[in-house]
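The following note sets out comments on the model for the attention of colleagues.

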Amino acid sequence: MIKYIGQRVIYMIITLFLIASMTFFLMKLVPGTPFKNQAKMSDEQLEMMLEYYKLDEPVPVQYVAYMTNLVKGDLGTSYQFANTPVSELLGARIGASALLGFQALLVGTIVGIILGVLGALRQNTWVDYGTTFIAVIGKSIPSFVFAGLLQYYIGVKLGWFPVAFWKGPEYTVMPTIALSMFPIAIAARFMRTEMVEVLGSDYITLARAKGANYFEIAFKHALRNALIPVITVLGPLAVSLMTGSLVIEKIFSVPGLGEQFVKSVQVNDYSVIMATTLLFAFLFIVVILVVDILYGLIDPRIRLAGGKK
Amino acid sequence: MSKILEVNNLNISFHTFAGEVKAIRGANFHLNKGETLAIVGESGSGKSVTTKAIMRLLPESNSEIKEGEILFDGRDLTKLSDKQMQSIRGKEISMIFQDPMTSLNPTMTVGKQIMEPIIKHQNMSKSAAKQRAIELLKLVGIPMAEERFKQYPHQFSGGMRQRVVIAIALACNPKVLIADEPTTALDVTIQAQILELMKDLQKKIDTSIIFITHDLGVVANVADRVAVMYGGKIIEIGTVDEIFYNPQHPYTWGLISSMPDLDTAEDELYAIPGSPPDLLNPPMGDAFAPRNQYAMKIDLEKEPPMFKVSDTHYAATWLLHPDAPKVEPPAAVMKRKEMYPGYNNK
Amino acid sequence: MAQFDEKISKDQFEPAIIDASTSERISKPSLNYWQDAWLRVRKNKGAIVSLVVIGILIIMALIGPSLSKFEFDKQNTKHANLPPRIAALENISWLPFDGTRTLKNGNVVNPYEQKQIEEYYWFGTDALGRDQFSRVWKGMQISLYIAFLAAFIDMVIGVAFGAISGYFGGRIDNIMQRIIEVLSGIPNLVIVILMIIVLKPGIISITVALTITGWVSMARVVRAQVLKLKNQEFVLASRTLGASHAKIIFKHLIPNLAGVIIINTMFTIPNAIFFEAFLSFIGLGLQEPLASLGTLIDEGFKSMIAFPYQMLVPAIIISVIMIAFNMIADGLRDALDPKMRD
């Protein structure tokens, strides 16, 4: 198991290195300077700016400098907000994103699992069709469309929850709902399939033959076995939350990483784009790794087989 | 001998996209106290469905008991509520399944799975149930039972798992044990061990066994009586000797002729021609008639009733009708008949 | 037990003539893989309805822009922000096609009457007075174009990569698998955004960005399937008989891969539609005057509170199209996936 984790961590570092390099060179390919959106500058001013940010040096030199700083944990300074270190900028915003993402993942998996289990236990009844319908809708309707509709009908027309900003728990309700639609759909669908398969397995028949009642079968025998594989979708779900957070944060004006990223993209703030990209990639890779390890810990078949993959 | 279980005129249908499949079409048999009844037949003949019906384990969504009764200790199992049935399953009647690789819960320790019915049906404390479970593991011949108790199914071999399944089935000393092809998925050497174990245990705890198999060799080994199923019906039933040495139904003849035998090794092994009947549209007369080289006109028109051969032996074939012509069974069957002490009675 | 009252005549006990062939008769007609799959798809009502819906939407994407009298990029600021109005439906009060809109204070006004406009804008107009009807269908045309193109490229690269990797195995497979491992370690969101920033938004650059990591899942599925197939008896037999690699790949592997390829492609299409719209929504989409469903939603979103219809129409259409594609993909998977076959 330890050998396996070690191997995975090495892969992770290689991937991160590649992503950092790729991000860097791609950014260098972008035409224009990061100062294009600021008040018109004279050529001299521009040169001074370029020199100040060491953007006039040859690309390989810049690359080495960037990578060395990165290892030290220095993500550079923002061009948009003069002299603000990127790490500080992102640090101030990570809280809102983390809270939103966590709430959405929690709501998404719990509601999704409940829907999936209900659908499987009431197979081919209106309960099942209803949950399947919710899953299809949730998977199909883009989160920003859903968020827009939510904001208009629940926020503006009905006025139940604040339309935007991030000033307290009630402000998190609509963004969380909008962001959790996709996880709900995926978890519900996956859970239903797993649960149906488990309920049809021989050991469930044996449990019935032992005289177990409906609840013992559903919860003691089936649920645990069906839940284990659901861990595997947690990774992709967390990733989908990152994608979703970009638009959801923009729509509800949540001061998070996603909103920052969208803004930076619009003004070519390279260092912020690169840092956010790396942060996303890092989170993505860590989540996948954690999920894999978790899976190995929970499933006795994998756990005791020594983490073979 | 008293009957512990009696199946009368059982009719079961499955509702499929294609239509109603009449899987069991009037099955009649009984199980005596302390005996082993083997039910033999090819796949699709309805043996598994019959036993699942006794346990009421058929899927409720698409199956239906159309007619008949299953009497156990004077109660009709087909009429019991789910709750009442739960108190019978695992306690009074228990079951062993075909594939030990899939019939244990992979995420629950073996010990817990054995303890489950004990705690449920016998109101034992956890520690007492654990004691009992370890005893059971020893009883079914699992070494180092205390250690094994804590392990998961994937740490057991196929034969060992089947022993565990047997231990679960025997946990509450059931009156009836249904074994649905318990050795089919196992290696031949393991098969023999499991059969020995079952015979041994039956003596120890005095239970009645319904043993389902398609392997006549196994039947000869374990059964007291044999029921032959074909097309959703019992077509011949009798003691082991009667079925093996004095079979009456042409289908039973076919089964016996197709059994490999040291003496007949040089001869070509017999195969029953054709395929099992389509139970979506069951044939009008004898279901076996289209594959029967002895078929008579009446076989195509009317289903044969059960003709009595002896007090314990019945067969559903028109050949037993007084007006039917005498036919010569296949050579392999003749050879056996000659060995049978009571040969001259027919 | 042998009791019967009625007399059975003797001739009934004469041997019956059994036609040997009838006992071997196969009662069900034999169907090939595709006929069988079609029967299964046909049973799935959702998939069939979705197929019809998509057919209609594709036709509309092609002919829709020319059904309206107004060009999709023709501005007419005098006619800006008009609500939808359809001639035959305008007098049915519960339909939103009467050309009126409700102001914040609850008053209902009809801008058509106020501005004395004779024309009928079926889906209304946007802030620049462009006809939403032709813009929506034009936008869908472009969205679908990008999605189909991306799905097609994904399919070609993915199938080729997966098939080669799986079929030849050994070191080739090893190297190719490492490439896939690294690529799939990178979140596709990040790649897509970076690529768009570098390439500048446009139909081709969006398509390219979508395909850079898009083919990986296809390659994985195809490789797994090829690995399974290539050791099966019929392929081994063919190889023993001296068939060439090309013959084995095209005659034996590709036909058996068709199912998974189709299923995977059907899932790529809605995914590509989503990503295109997503990019447009965060400001990395197509530039004016071009329109896609994403840019229309983005524009509509900006004036959502005053003119909700501007967002509603493209939002409904993209939702319908996504639902339909997902349902077809699900239906096909249930019908074609050999694992699900009973």
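1. Two residues are taken to be in contact if their C-beta atoms, placed from the backbone, lie within 7 Å. On that basis, in this predicted model, 65% of the contacts in chain B with a separation of 6 or more join residues 24 or more positions apart.

2. Chain B comprises 12 helices and 12 strands. Of its 346 residues, 48% are buried.

3. The overall dimensions of chain B may be considered next. Along the principal axes, its C-alpha atoms fill a box of roughly 65 × 45 × 40 Å.

4. Between chains A and C, the contact draws 34 residues from chain A and 32 residues from chain C. On the chain A side, the elements contributing two or more residues are α1 (2-29), α5 (126-140), α6 (143-157), α9 (214-251), α10 (257-267) and α11 (270-298). Of these, α1(A) gives the most, with 7 residues. By class, this side of chain A has 25 nonpolar, 7 polar and 2 charged residues.

5. Within chain C, the axes of helix α5 (residues 132-168) and helix α12 (residues 309-336) come within 11 Å and cross at roughly 35°. The crossing of α5(C) and α12(C) is right-handed. Helix α5(C) makes the contact through Gln132(C), Val136(C), Gly139(C) and Met140(C), and α12(C) through Gln310(C), Val313(C), Pro314(C) and Ile317(C). These residues divide into 5 nonpolar, 3 polar and no charged.

Notes
Residues are numbered from 1 along each chain as its sequence is written. Chains are lettered from A and ligands numbered from 1 in the order in which they are written. This is a predicted model: local features need pLDDT of at least 70, side-chain atom pairs count only at pLDDT 80 or more; totals for chains, interfaces and linings use all residues. Axes are lines fitted to C-alpha atoms, for helices over the stretch in contact, and angles run from 0 to 180 degrees between N-to-C directions. Helices (H or I, at least four residues) and strands (E, at least two) are DSSP runs, numbered from the N terminus. A crossing is left-handed if the near helix is turned anticlockwise from the far one by less than a right angle, and right-handed if clockwise. Ala, Val, Leu, Ile, Met, Phe, Trp, Tyr, Cys and Pro count as nonpolar, Asp, Glu, Lys and Arg as charged, and the others, Gly among them, as polar. A residue is buried if 20 or more other C-beta atoms lie within 10 Å of its own, exposed if 12 or fewer, and partly exposed in between; C-beta atoms are placed from the backbone.
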